[in-house]
Amino acid sequence: MTAQNEILDAIRRHHLQAVDLPTLDGGWITYDDPHKQFAKALEAVKGRCFRANDLADVNGQIEKLPEYADSQQICSVIPGVGRSNVDLNAIDDPHDLDNVDLAVVPGQLAVAENGAVWVTDAGLKHRAILFVSRQLVLVVPAGELVNNMHEAYERIADAAQSSFLPVSERRPGFGVFISGPSKTGDIEQIMVIGAHGPRSLTVFLVDSLK
Amino acid sequence: MGAVSVGSQFPQRIKLTSMTRIGLFIPCYIDQLYPHVAMATVEVLERCGVEVYFPTAQTCCGQPMANTGCTNETRPLAWKFFETFRDYDYVVCPSGSCVAMVRHHYDEYLDGTPGFIDLKEKTFELCEFLTDVLKVEGLGGRFPYRVGLHQSCHGLRELRLGRASELAGPSYSKARTLLELIGDLEITTLERADECCGFGGTFAMSEEAVSCLMGRDRIRDHLQAGTEVLTAVDMSCLMHLSGLIVRDKHPIRVMHVAEILAGRDPAIVSLPQEPMSNEKS
Amino acid sequence: MASLPVVNHARNAAEFIGDEKEVRRHDRALWFMRANRDIAVQSLPKWELLREKASQIKSHCMSRLADYLEQFQDNATELGVRVHWARDASEHNEIVYGILSERNVRKVVKSKSMLTEECHLNPYLEEHGIEVIDTDLGERIVQLRNEPPSHIVMPAVHLGREQIGATFHEHLGSEAGASDPNYLTDVACRHLRDKFLGAEAGITGVNFAIADTGGIVVCTNEGNADLGTSLPKIHVACMGIEKLIPRLRDLSVFQRLLARSTTGQPITVYSSHFHGPVPGGELHVVLVDNGRSRILGSNDFRRSLHCIRCSACLNTCPVFRRSGGYSYGSTISGPIGSTLSPSRDAGQFRTLPFACSLCGSCSDVCPVKIDLHSQLLVWRREIALRRLLPLSKRLAMKLASFVLRHTWLYETVGKVLRWSSRTLPRWLIYNRLNVWGRQRELPPIPAQSFRDLYKGSHDRPKRDS
């Protein structure tokens, strides 16, 4: 018998009584000012949040970030935002991204309760760009801000039905909630910002994507 | 704080009739080692205007055996308890862990037995009996000391005599509610509100190093909080902490909650501050 | 098969406590985690409802585990994932090695996976010529020191910065005597960056596997799981079969509970959802039983499979904080380890359920409401039934029970013991056999018991014989 059959048999042999799946309703937390909450949550984990009217505004604000001035290798996948000199699409091997100082990437939605941004690899040739660059900038439509993780997963699950994972044609994909710069507390529980992933995270909530 | 004079009845919202029979359940080690705690319990209940009976057939709820996994040795004791107390209207006990044993751990011995569910529902720890059944509103008297309330674990987490600090929600404590009815009593603020003292039954012996370190840490917390009198609903915790306090010669007096509620003076309470001598007292 | 030596938790703990400074540091560090968790919990409305939902979701999932595993396999396979099944630890190791060796992989980076620790994957791969670098900083530290992790989330919590500095000086070339956490972290991350770049495959654990989409979720703060799986093209994800959850939507509950329970932060920095391999790459998921299907059959212990490895129970446990992970002698320690490990080998781990004062805090902090302290009590019963209790304990309990069954005997024995304690000299009472008396005074022994005081008394409380 294969391992699969043996394991499934071993499980089924118990004839466990069915237990109902609960609903996920709970009247979960909402905020009067979700944008303010998002910024507060992100700042609490050492990220930064800025508002912008449009992409040109984002571009203008990025120029003023101190880490931007220090960056030489900049990879932006949003046209018009950031003086990109690394073209992600022209690179075949993600290992070549090791020297990227700053990356600018779109995020799909933002979650107020925990300052997290949901980023997928849709349109992103190498997901490694999210983790390998020293600084990370995420640009998120301000209208895609939700209150809590329940609302977030509703959106993601819906998107999964249509584009992320269309039911008719299952397509592989990657998505990640990013909340703040990478960090570790493994040495005497002292929080050190900047571990393996980016050491800074800046999120722009943009009103218009034009 | 109502005008309650020493010895008079405590004001309460619920008055039991004189026909109501309270069975007094005194844990074995209190019976043998801390009789004054049992006396104080009787006095407190009488000042609540209730008829207290002490069935002498009782011995032990069986907790030490159950906690060692020896269920066969526990079974006859559970039955003995049941038979001793089944006919009372209420069973009241100055111990959270013993009451927890009856309400939460007797099922495997007595489940299905007629009268068992009733027994569970009418067995109470002393403080919860006062706050929940009698709804005592005043205790009068004065206790001008800084009191450290140790939250005994079984009472806290099994009987929910208070809100454990790890749970969400507003803080409450039945023992604290009662203590705050007493004049001039100040409850100290601890760094760790309800960490375990380390007694844990046979744990106190089989894991001696951890047990004593846990106890010493609690004592250190009370010392930094300025506790003068350490109290709890469980004499077992206090036995362990007192053992360390006396050995390490700390200036903290130890009293069971019943003694404070009964208005005992810590200056003349019988738990000594000197180690036991080899002379007869 | 030779049985392994019995773990003596009490003896190990006493040794740990011998270093007063270290045990204090260890206790404070973990209490800090518990305190931060409390702050997060108190500030999140409906926390207890979330726990209840999580508990119910896991119970439901376990009750239909086989169906969900099949659903997961179907959906994952459709996405191009290769799903493997392993009956036990050695099968798991063989499968992982097989995947790597077929692809001529010689260098692997691995992010934290307690499952791979349980299976002892690293030594197996290393014996077969594959370099495995643990990339979680805490794991790398203990790997360099050739020690196992002492805590499921903070593997190096038992070490101080000086010790870590010395280890890095020896192995990574950091400055001698340097112990600043920022500096040391920087040294380690530079060293590990090279390993990420040179790795040919990445091994990760799995925090959650989603049955209705075939996806897996990996949560980290460091980003090491992501670097390890976005640079190399081969990703091997190892998981216990209990890590499954029914639906993508259910993640909302667990994601809100997990990080808050661990450190008090609202979410880990990275929560990566893998639905299929990276383009041009491979994603393998190894489903491991290793005793889980057996635990599933136990009414008493089934709920221990709900564990999401948050470590809240370790951090709150007053015994764990003062004895350290190594005292348990098992891959997973603390309260959850003390119920899981005896399932594996009750003989070897017979003392673990007794390494507990039954305070119940663990059950209160568990985000999925596992009845941890109740399970430890049931284990004590199991251990007694299997005759694994020390003889002295068994006899003592038999004797005590006999005495307590007979009121007259109890009264007599009580009288005798009290009399001798009051009469015998101190040196005789506080002898070597008196374990209590080593660090504690016995209570003052009264001449009369409570029942003595009221015998015959007619006006205080009524006697009922």
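Trainee: Quick one to start: how many residues of domain 1 of chain B are in contact with domain 2 of chain B?
Mentor: This is a predicted model, to be clear. In it, 25 residues of domain 1 of chain B are in contact with 23 residues of domain 2 of chain B.

Trainee: Which elements of domain 1 of chain B give two or more residues to that side?
Mentor: Helices H1 (28-33), H2 (35-46), H3 (63-67), H5 (96-105) and H8 (126-133) of chain B.

Trainee: And by class, what does that side of domain 1 of chain B have?
Mentor: There are 13 nonpolar residues, nine polar ones and three charged ones.

Trainee: Switching to chain C, what are its domains?
Mentor: Domain 1 of chain C is 44-290 and domain 2 of chain C is 391-454. The C-alpha centres of those two are separated by 53 Å.

Trainee: OK, how many residues of chain A are in contact with chain C?
Mentor: 62 residues of chain A, in contact with 73 residues of chain C.

Trainee: Which element gives the largest share of chain A's side?
Mentor: H1(A), with eight residues. By class, the side of chain A that touches chain C has 35 nonpolar, 16 polar and eleven charged residues.

Trainee: What about strands, which one of chain C is joined to S8(A)?
Mentor: Strand S9 (residues 270-275) of chain C; the two run antiparallel and six bridges join them. Look for A:Val176, which stands opposite C:Ser272 in S9(C).

Terms used
Residues numbered from 1 in each chain as written. Chains lettered and ligands numbered in written order. Predicted model: local features only at pLDDT ≥ 70, side-chain atom pairs only at ≥ 80, totals over all residues. Contact = placed C-beta atoms within 7 Å. Helix = DSSP H or I, 4+ residues; strand = E, 2+ residues; numbered from the N terminus. Nonpolar A, V, L, I, M, F, W, Y, C, P; charged D, E, K, R; others polar. Domains from an automatic or database assignment. Pairing = 2+ DSSP bridges.
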